[in-house]
Amino acid sequence: ASSAVDQAPEVAERWAIWRDEKRSRLRDDRGRGVSSSAIFDALTRVAPHDAVIAVDVGNNAYSFGRYFECKAHAVLMSGYLGSIGFSLPAAMGAWAATQEDDPRWRGRPVISVSGDGGFAQYMAELTTAVKYGMKITHVLVNNSELGKISKEQRAGHWHVWQTSLRNPNFAEFATSCGA
């Protein structure tokens, strides 16, 4: 006889608490644009259940992990340290894998998720994606700063230093690249 304890009731309780918290945060409006909870709630609803999702580092990765509900998705993450800008190149590699005969990947949709700082690191790669007809959906969370670094500086009780960004209009950039 097994001495294992059924953890299903506790897991179900924790899921309920988590979902209640997510619903609460969806109602919060701080007047500073679309919240991460709203972004990833929407992505949970519209992302194909079998999408391959490449996630960059930083606050967008934390928010993805906190608010996105995985189904049969494959999630690619970098391992963090020094890897800002991971998501778009990783999504391009994932797209290449979806063109091969391997039934695990063949034809699966590809989504890339990044912050503005991470996207800006490798945004010229968009021209390569366009050139080769790579069907990749990119979700860009734009707060005009390296938010994770700002948060770390505040946590250390330091002045926030050199984390603000001067971004181009990313939609216009994508259009000019042919995306």
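Colleague: Where is the place of R32?
Modeller: This is a predicted model, in which local features need pLDDT of at least 70, side-chain atom pairs count only at pLDDT 80 or more, and totals for chains, interfaces and linings use all residues. Residues are numbered from 1 along each chain as its sequence is written, and side-chain values use heavy atoms, with hydrogens and water left out. Helices are DSSP runs (H or I, at least four residues), as are strands (E, at least two), numbered from the N terminus. On that basis R32 lies in the loop between α1 (8-27) and α2 (36-46).

Colleague: Is R32 buried or exposed?
Modeller: Buried means under 20% relative accessible area, exposed over 50%, and partly exposed in between (1.4 Å probe, protein chains only). Because its relative accessibility is 70%, R32 counts as exposed.

Colleague: How many disulfides does a search of the whole structure find?
Modeller: A disulfide is a pair of cysteine sulfur atoms within 2.5 Å. C70 is partly exposed at 43%, whereas C177 is buried at 16%. For the whole structure, the number of disulfides found is zero.

Colleague: Which residue forms a salt bridge with E69 at 2.5 Å, N to O?
Modeller: A salt bridge is a side-chain nitrogen of Lys or Arg within 4 Å of a carboxyl oxygen of Asp or Glu. E69 is buried, with a relative accessible area of 13%. The partner of E69 at 2.5 Å, N to O, is R19.
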